[in-house]
Amino acid sequence: MDNKMPNMDYDADEVINEFKEKIKWPKNKEVQAIVKPTKLPLRILLSVVITILVGAAVYYMMLPAFNIHDTQMYIFFIVLVVVFIAAFSLVCRANKKIERKEYVKKKSLIPIIIIAVVAVVMAVGYVTGMTLFRAHSYSELMQVNESDFETDFKDISYDEVPRIDESRALKLADQQLGSLTEYMSQYVVSSNSTQINYKNTPVRVAYLEYADVFKWINNTKDGLPAYMLIDLITQKVSAINCVDEFGAGIKYSPTELFNEKLYRHIRFQYPTELLDTPNFEIDDNMHPYWITAVLNKTIGLFGGTDVKGVIITDAISGESNYYDIDQVKSSKELSWIDVVYSESLLIEQYNYYGKLQNGFWNSIIFQTDVNIASNGSGNIAMDDDVWVYTGVTSSKSDTSNFGFILCNQRTKETRYYASHGATEMSAQQSATDAVQNYGYNATFPILLGIDGNPTYFMSLYGEGYTVKGYAFVSLEDKTVVGTGLLDVAKSDARALNSALENYIDALKEKGVADDVDKNDILIDEKDMSGSNENTVTDDNTGNTDTPSQPDNNTASDGSITGEVTDIKTSVNDGNTVYYLQVEGKYYYIKVTDAMEVLLISKGDKVTVKFDKNSDGSFIPASSVTVK
């Protein structure tokens, strides 16, 4: 037995450090061997499968066009490459084994180069389409022709133009929807609407949206049951029941989810086309369609946006058809389409035309003959088409215009009118100032010709979004203002004529219209009011019906008791009015005057009181009582 003591002469820290050196994980630069993972083909296949699955989910959300002019396609392709690199790294367990990490890094060089090439292509495509280098090409996107104002505007009468703008039209539609019990709380009116000409009448059409995701779950099987039609002249609102009229609801819309979502539905049908935002329109039979402009990039890879065609999608069946833009412009069968070119695209193209005709640097430094569209734009109906109009001002955007343009939203025809005057915003402010003691505001102006004088027409509205009057403001002199108020005139027709009379008097005071005869311009008030009172809109179909003849068995005290055989509603000046058919006549009353009408259904027995001296097909009621 060895009785010698062990040698205790050593340093403990030195031993520990030596042990750490033996077991430590090597640094990347110290790894000499790059180990190829086993079963490499299987790992590559698994990485491809993961990339396909993730890519499908990303595509379902992004919906890029497989088109070299779509920046989303390049981004989608880069995402796929990144997903493949990440998936290959995981299946090779590069995060666990340093030698495999080095292998993955080495093999990832090619995908990284591909990403770099894609980025370079995007950069080159962007640069080649910059206005700095292609100013002349951008200025030729739109052709502008000078036109004569008096000739083009002579047939546009002030009693045939919209009285309300989009925000007020949607407010009325929302009020009407709230009065229809079958739609109450399930749907809301979309904030997007389209101004169209329906049988030569300016109207707005707006689709419905599900109130929330739970309402979508409850109703998506049958689709949206109706859409809203707002007459911009009479201000009457109709809920057009698609189920009754066309046998089914609107199955494809922006408010749907999954495959019925409109943009996704169209993308799956046309995977290579560049799609603009779809517009909701109706044909002459009131059938709902979605009109989607197909875009083209004409300058470089991503510049010079223009329209090359249109996709028409049946909102009920989802069937789609593509038409070339020249066919849309020339075909009579497609003339019911009103909006192909969006307002934003038309204004953008005009600004290119106005700024870049003399080159890019001139638009920045010298600004010779440089002009742009003024802030704001409106719509007018002319030649059975919808036109965008906006003033033309200097690049400094001062408070005056030296002309204005009209752009056809179906054909892109653009007309320029040289006429110096106030901008739309300043004219709107002049109208508001003229009634400031009432606290009314003016809508965005509509351009008219009053005896050859360019004139802005505006409706005046109060806090309740109801029309309170009208105003005319001279384009050439914004201090020339004429107003007419419903509270004073006691009639919509008289308020219009009153505003026009005051405007003509103001023109004469300025020595502008000394030879104008008011009688040649004013409209017969009976003609204007007749269209508002002779028809009623069905609360389900929106059709106008001729009332049946009465049986003349009313009580002598001015009341009638009988069964309600029909119920119709309309929204007039912001008030919901119920029309109850009893014994062949329609008796109408505001909801605010008789809340009981909300509870009345067809077949109920009611007593209606009215003025016994009243006559006609539609009689105002003073009260309604359910028996």
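Reader: Hi! What should I know before I start looking?

Author: This is a predicted model, so local features need pLDDT of at least 70 and side-chain atom pairs count only at pLDDT 80 or more, while totals for chains, interfaces and linings use all residues. Residues are numbered from 1 along each chain as its sequence is written, and side-chain values use heavy atoms, with hydrogens and water left out.

Reader: Thanks! How many salt bridges are there in the whole structure?

Author: A search finds twelve. A salt bridge here is a side-chain nitrogen of Lys or Arg within 4 Å of a carboxyl oxygen of Asp or Glu.

Reader: Which residue does Arg415 pair with?

Author: Its partner is Asp152, with the closest N and O atoms 3.4 Å apart. Arg415 is in strand E15 (residues 414-422) and Asp152 is in helix H7 (residues 149-153), so this bridge ties together parts that are 263 residues apart in sequence. Helices (H or I, at least four residues) and strands (E, at least two) are DSSP runs, numbered from the N terminus.

Reader: Are those two buried or exposed?

Author: Arg415 counts as buried at 13% relative accessibility, and Asp152 counts as buried at 17%. Buried means under 20% relative accessible area, exposed means over 50%, and partly exposed is in between (1.4 Å probe, protein chains only).

Reader: What about Arg163, which residue does that one meet?

Author: Arg163 meets Asp492 in a salt bridge, at 2.7 Å from N to O. Arg163 sits in the loop between H7 and helix H8 (166-178), and Asp492 is in helix H17, so to speak a distant part of the chain, 329 residues apart. Arg163 counts as buried, at 4% relative accessibility.

Reader: And where is the partner of Lys412?

Author: Lys412 forms a salt bridge with Asp306 (3.2 Å, N to O). Lys412 lies in the loop between strand E14 (400-408) and E15, and Asp306 lies in strand E9 (residues 303-314), so the pair ties together parts that are 106 residues apart in sequence. Lys412 is buried, with a relative accessible area of 12%, and Asp306 is buried too, at 14%.

Reader: Which residues do shared partners join into one network?

Author: Asp152, Asp383, Glu413 and Arg415 are joined that way by salt bridges.

Reader: New topic! Which residues form the nonpolar patch on the surface?

Author: They are Tyr126, Val127, Leu132, Phe133, Trp361, Ile364, Ile365 and Phe366, with about 890 Å² of accessible area together. Patches are made of residues with over 30% relative accessible area and no salt bridge: like charges are joined within 9 Å, and nonpolar side chains (Val, Leu, Ile, Met, Phe, Trp, Tyr) within 5 Å. Accessible areas come from the Shrake-Rupley method with a 1.4 Å probe, and for residues only the protein chains shown count as cover.

Reader: Which element gives the most to it?

Author: H14 does, with four residues. The elements that give two or more residues are helix H5 (109-128), H6 and helix H14 (360-366).

Reader: Which residues of H6 are buried?

Author: In H6 (residues 131-139), Ala135, Tyr138 and Ser139 are buried. Seen down the axis of H6, they fall within an arc of 90 degrees, so they line one face of the helix. That arc is taken from the directions from the helix axis to the C-beta atoms. The face turned away from the buried side carries the exposed residues Phe133 and His136.

Reader: Where does negative charge gather on the surface?

Author: One patch of negative charge holds Asp148, Glu150, Asp451 and Asp515. Asp515 is in the loop between helix H17 (492-509) and helix H18 (525-533), and counts as exposed at 68% relative accessibility.

Technical notes. Lys, Arg positive; Asp, Glu negative; His and termini not counted. Charge placed at Lys NZ, Arg CZ, Asp CG, Glu CD.
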